[in-house]
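This briefing walks a new reader through a structure, topic by topic. The sequence and the model come first, and the notes follow.

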Amino acid sequence: MLSLGSAGGKSTKPSFVSYVTPEEINITDIDASRREKHPNLLPGEVVFCSASPILKSSQEDASQRGISGTLFCTNFRISFITDEVSSEEVAVLFKNKLYGENDIPLTFVDLIYAGYDEKKKLITRGQVKNKYPPKIIIHCKDLRVFQFSLTFAKEEEARKIFQGIVHHSLEPKSLKCIFAFSYCENTSSSPEIQRKQRTVMFNTAADWTEEMMRTKGNCKLVTDNENFGISQKLAQFFIVPSFVSEEDLPKCQGRGIPIWCWTHHSGCALFKTASLPLTEDDSESQALKSYMERMLNAVAQNHLYSVKTEELSETLPSIQDIQQSYNKFKQFFLIDGTTEFWLSDVKWFSSLENSGWLDIIRQCLHKSVEIVECLEKENTNVLIMEEEGSDLCCVISSLVQLMLDPYYRTLTGFQSLVQKEWVAGGHNFLDRCNHLHHKEKELQSPVFLLFLECVWQLLQQHGPAFQFTETYLTVLSDSVHVAVFSTFLFSSPFQRVTTMKAGSPQTQRGPLNFPTVWDWSLQFNCKAQDLFTNPLYSESPKQNKAMRRPFHAKHQRQLSLPNTTYKPSPKKGFFKEETENLKKMLRGKRISRWMQSTEFIQASTREFYESWSRRPLDYHGLILPCLDGPAIRLWMQRYLRWIPEVQIFGGGPVALLNKLADLLGEVQELRAQLDLQACHTDLTHQRAVSLPRTSARPTNAFPFASSRTWGLRPTIPTCLLQRLMITGNLANADDEVTEAFADVV
Amino acid sequence: LHAAVTVHAECRGAGALGPGSHSLLENENKPHPCCSGTLGKDGSCLPRVPKGNEFHREMEKTGSIESLESKPSASRQPSVDSLASSSTSKSDRSSLNRPPDGVSTSAEVSLDRALGNSNKLTEEEPLLLPQEAIQDMTKEVTYICPFVGAIRGTLFVTNYRLFFKCTDRDPGIVLNLPLGVISRVEKIGGGSNRGEVSYGLVCKDVRNLRFAHKAQEGSLKKSIFEVLMKFAFPVSHGMEIFAFQYGQIFPESGWKVYDPLTEYRRQSPGENPGESVEFRAQGRIPVLSWIHPESQATVTRCSQPLVGVNGKRCKDDEKYLQAIMDANAQSHKLFIFDARPSVNAAANKARRSSLSHRPWLSLSPNPPGLPLGSFSPHEMTKLVFLDIHNIHVMRESFRKLKELVYPNIEDSRWLSNLESTHWLEHIKLILAGALRIADKVESGKTSVVVHCSDGWDRTAQLTSLSMLMLDAHYRTLQGFQELVEKEWLSFGHRFQLRVGHGDRNHSDADRSPIFLQFIDCVWQMTRQFPTAFEFNEYFLITILDHLYSCLFGTFLCNSEQQRVKEELPKKTASLWSYINNQTEEFTNPMYVNYSNHVLFPVEPLHQRHRELLAKRAELQRRVEELQREVTSRSATSPEKPGSPVCPAPPVHACV
């Protein structure tokens, strides 16, 4: 049992048969009630093993209370089905169709701990023997924490489910074992759906041409890579400066080729590239040098004979740094119980800061602002480089475009941006997300999440500029780990194309048709998808102009001004001076780099930010993030949504959203009334309210955590923490008071 | 009743002070240093947008200005440059929004003047308030701005404010600072540099300002800063605080917002106050603050018992507490919340035993140190310590916070630096304490008695915050004013002592930002419940501005008795007069119980809400018009309804 690699192939129908031992079949047959509580399997999903009764401890309190039920392990998820008749069939507004509240897709599993009475032990793969711990604690990548107690299940079942879970969610596997393959073999392909949504996929030459026309770029489209003749890392189609010669293209396996990202309305453009390898060989390095010269020259000739190059690895943290920092950071949200929560509370701020995650976000935003400055203020072409050209290059280039181009701040625009920069841009999702549980951990890094974090910072600073909401970003950050979508599954365009073309050898059905993540209807119904769009998005630029006025004064905010004056570093500044002289004079190259001291950069960026912030704020123009310490915030919705202690009943942003929904409803109703009156018909009109009214009070974790397991008694943090921790909650506090009094006596 | 419905949510929210609220705070924008000087690089004086979750800025005053400027309606309203306390001056841009003088009515103009809002920027001099007079003026003064460096300009000192106008940059940077904000004036250095003397002004609102000017050697003329010192600390110089001279008359007086009898009737309609609160007759303290509308559970406040080490007891006082307990039929318990950490309480008990000069302090029967049974036949009194630190700790914490945020914030160390001030930790403890009190009253249906050492600092914070949680009335604009009047002013928070109005003794150990801390707590609640409060952030900032400005009489003196003696209501204007005469400025557009007005919000996000509200108003109007038309039409010619009616032009709403 627990065979790998055969999950999707052996049978196309969901079935137990191939995977469980005869005894288990008997049990399942006999135990009819359990059968009923079978999870609703997705197409292509098969159950590997199950166990009952399993006790799921509620995350809310450290007490031994729990819900009993059955735990399943399938080729897609770990699923817990409760025995208890769910008394309150609350219509969950925000229900994911692929996995439910008690489901953990296998690719969501971050860490598994074996829980013993007092301590917990991290489980690493290959370590699992025949024993199993009394408790299994699962930390998920979407920051949920599950605790399952195995003590009451039959020994055999418990052992198997434990091994199954550990095996399927920790052991390395091959790409074909990813659930998406099994899923899409069992779903009818519907290619037309994708055309309906206007997300540009950037997988055809036409998409690229259109994009270039939209931004009025004057570069040239390269189609030579359609069969990956130039490089397997590059997309089938891409755009390079017109002056890049055809002969140069295949020279370095795609490295060094300036790939066009976006053209500014002034004509200058942003390019990205993978750095050239370093060689010892003199002649070779000479050749590479002149190759790079030619490339830079080509970029420079795109506009005004100017180019700035930026090696991102010199100033930004490496992907390993990013991974390490995130590992520290996420610990503060993966909380096992109330006790741990209040303990972490004491040093909350400094712990967050020490993880360095917020600082990395700031650095990325800062770098992006610098590049925006070059494009917007100096109108120079910019070439960003990085070893692979598909990690931080993607972060920075997408952020730059998001700040400069309002199109990308719409929902479809944003999705197109992700397609362009990340999917076609060849970001190695497979290894960065470690979908296959490979041993090489250093390839893993939450680079895409970092990008979403940066977007969130922009979003919360300039809400009305974005058509999408933070809920959308949170869902997107979760979806990265749902192994159903092709979007985040592959390591390179080559792998994507070849894998999908090859199809499934077993079924011979021709090219596979994976769904993309942008088909949101696969995950959410329309009502839930409504939460993705920002009701306060300022839609039409024209109207925006009218409302600029009030913003005028308001937006003239200030940053703390730099206290150091501009000091170009003497040893590195010569290049800049040189370029100053050459400006617009010769047909020479104007190549400069950010070589000045960081002080200078800071000052210059601040100045740029300030001069921008003094202009009227135009939500359809350039937006820049404020980078002050207090302005970079914690993405509360994503990180704190499952922690009951921080839920504010009846408060939080959702309270505003509710009020807003009321207002929108009223406006719509009034408009309908107006129409009616004008037409003089007696039709009763229906009231349009975008948020459903439920009796349950939504909390600030809306729309994620449901509040029904919660009483309304407040949790109280005080210095009496220790005592509170013992007594549990306030209800018992009366006794504690007596004790306290006795102490004093 | 409404209170009963909402309290849970409130409790929970306020209770959620863990990482959640932390992160809320953590997200706080720092008080922007520039607020104070607000000097743009280009020399323009630019106000800053109040950004999201930030409150410490409260002390910096600029919030007020900006919000003001952002309002297109600024022209209609007397502008709120309030407050004069806002140091930041208005930039010329702001005044561009204003209509020419001719447009405003005379009343408005006078109000404008009253508020020091100048719209003639061509003038060098500040526009003065009634009874305000320029006392001194010096040209060629250098303002050493921490953000843009040295700026030359002209400095005026009036009996109310410091006014600096830059002359060497364009557009002019203006500093407009009520002298009440100044905590101390220091002469810095010996005037070595080019014969300049330099002065530093330490302000109560976080800022530190530095000026320098040429030493006038041999001249008998005093430095302008010596003049300034005299007017900044009138009390120390035997003069009157400016509020007594300021003669502005408002259409509606704010001195009447709180009337104890009316307030009592609001809480228990149909009852005669004399009956159930007989203990009031016994000597004013403990005092009833609030009665639960259903359970009759009460919030009562008092000071610490003067029991002494050997546990003195007082029969009368015991009767009191018995009466409090008896008044609430639903619970046989009485909770006594002591705001202090238990250690301090024990220490105080010993120390205070010899102090008998506070005869009005009532003795509590249930001191730490007496067995429970010795007091009550019901043995049902329980004592809880809330671990809130004293005014000295708070003052120190605030000092650290000040250092942290002004003039520059170290971005990469912001969070840990913030944590090390412990300011938010104190805020959390106070909110948590108030929450426990509210929870006992609401969920436990139990009466509570709240006290600390003196009964006017932590006690006031706790009772007023718990009442804010319990009773929706206090979350309205009017109700909040009543709350401040009742819990803070009439129950004797010693504003004069804590703030030190007009007193140059800046190191007085009795000074402490207790009221500011309370406002910060309220602000935290408004962040967590953005729709539960009728007032907005700007309202809170305005209150704090005038806590220091000495423009209004509201926060002067130490007690009700002194205020009556000084005839404050007669001689000064109330801050509430000013606020209640332009409530739109201070109203939260997203307040849920108050949705039928077009309101003017402060925050940028609210711009869209505001558009919506305006759109709705427009649509409503149009519907009404049409309805009227239809009725009149149907009255005359019911046969052909609608056909000749010109369809309304399409309404473009971006919703």
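**Chain B in outline**

Of the 655 residues in chain B, 65% are buried. The model is a predicted one. Chain B holds 23 helices and 12 strands. Among its contacts with a separation of 6 or more, 69% are between residues 24 or more positions apart.

**Annotated region and sites in chain B**

- An unreviewed UniProt entry gives residues 421–483 of chain B the annotation "domain: Tyrosine specific protein phosphatases".
- Helix accounts for 65% of that stretch, residues 421–483 of chain B, and strand for 8%.
- The UniProt record (unreviewed entry) puts the feature "active site" at Cys452(B). Cys452(B) sits in the loop between strand E12 (447–451) and helix H15 (458–470) of chain B.
- Cys452(B) has a relative accessibility of 2%, so it counts as buried, the cut-off being under 20%.
- The feature "binding site" is placed by UniProt (unreviewed entry) at Asn390(B), Ile391(B), Cys452(B), Ser453(B), Asp454(B), Gly455(B), Trp456(B), Asp457(B) and Arg458(B). These residues are spread over 69 residues of sequence, yet they cluster in space, with a largest C-alpha distance of 12.3 Å.
- Arg458(B), one of the residues in the "binding site" feature of the UniProt record, is found in helix H15 of chain B. Its relative accessibility is 8%, and Arg458(B) therefore counts as buried.
- Apart from neighbours within four places in sequence, Arg458(B) is in contact with Ala339(B), Arg340(B), Pro341(B), Ile388(B), His389(B), Asn390(B), Cys452(B) and Ser453(B).

**Nonpolar cores**

- The largest nonpolar core has 265 residues. Those that touch the most other members are Ile138(A), Phe333(A), Phe414(A), Phe211(B), Phe480(B) and Phe515(B).
- Leaving out residues up to four places away in sequence, Ile138(A) touches Ile78(A), Ile104(A), Val109(A), Leu111(A), Ile112(A), Arg144(A), Val145(A), Phe146(A), Phe148(A) and Ile165(A).

**A helix pair in chain A**

- In chain A, helix H13 (residues 357–378) packs with helix H17 (residues 447–461) at an angle of about 75°, and their axes are 10 Å apart.
- Angles of 65 to 115 degrees count as roughly perpendicular, which means that H13(A) is roughly perpendicular to H17(A).
- On the side of H13(A), the contact involves Trp357(A), Ile360(A), Ile361(A), Cys364(A) and Leu365(A). They meet Leu449(A), Leu450(A), Glu453(A), Cys454(A), Gln457(A) and Leu458(A) in H17(A).
- Nine of the residues in the contact of H13(A) with H17(A) are nonpolar, one is polar and one is charged.

**Backbone features**

- Ser52(A) and Pro53(A) are joined by a cis peptide bond, with omega near -10°. Pro53(A) belongs to strand E1 (residues 47–57) of chain A.
- In chain B, the peptide bond between Tyr406(B) and Pro407(B) is cis, and its omega is about 0°. Pro407(B) lies in the loop between helix H12 (391–405) and helix H13 (414–421) of chain B.
- Lys216(A) is not a glycine but has a positive phi of about 55°. Lys216(A) is part of the loop between helix H7 (205–214) and strand E9 (220–222) of chain A, and its relative accessible area of 71% means that it is exposed.
- Glu140(B), also not a glycine, has a positive phi of about 60°. Glu140(B) falls within strand E1 (residues 134–145) of chain B and is partly exposed, with a relative accessible area of 44%.

- Asp207(A) is located in helix H7 of chain A. With a relative accessibility of 9%, Asp207(A) counts as buried.
- Asp207(A) touches Val200(A), Met201(A) and Phe202(A), when residues up to four places away in sequence are not counted.
- Asp83(A) lies in the loop between strand E3 (77–82) and strand E4 (103–105) of chain A. At a relative accessibility of 30%, Asp83(A) counts as partly exposed.
- From Asp83(A) to Ser52(A) the separation is 31 residues in sequence and 9.5 Å in space, C-alpha to C-alpha.

Definitions and conventions
Residues are numbered from 1 along each chain as its sequence is written. Chains are lettered from A and ligands numbered from 1 in the order in which they are written. This is a predicted model: local features need pLDDT of at least 70, side-chain atom pairs count only at pLDDT 80 or more; totals for chains, interfaces and linings use all residues. Side-chain values use heavy atoms; hydrogens and water are left out. Axes are lines fitted to C-alpha atoms, for helices over the stretch in contact, and angles run from 0 to 180 degrees between N-to-C directions. Helices (H or I, at least four residues) and strands (E, at least two) are DSSP runs, numbered from the N terminus. Angles under 35 degrees count as roughly parallel, over 145 as roughly antiparallel, 65 to 115 as roughly perpendicular and the rest as oblique. Contact means heavy atoms within 4.5 Å. Ala, Val, Leu, Ile, Met, Phe, Trp, Tyr, Cys and Pro count as nonpolar, Asp, Glu, Lys and Arg as charged, and the others, Gly among them, as polar. Buried means under 20% relative accessible area, exposed over 50%, partly exposed in between (1.4 Å probe, protein chains only). UniProt positions are given in the numbering used here, feature names are shortened, and annotations may be inferred rather than shown by experiment. A nonpolar core is a set of buried Ala, Val, Leu, Ile, Met, Phe, Trp, Tyr and Cys residues joined through side-chain atoms within 4.5 Å.
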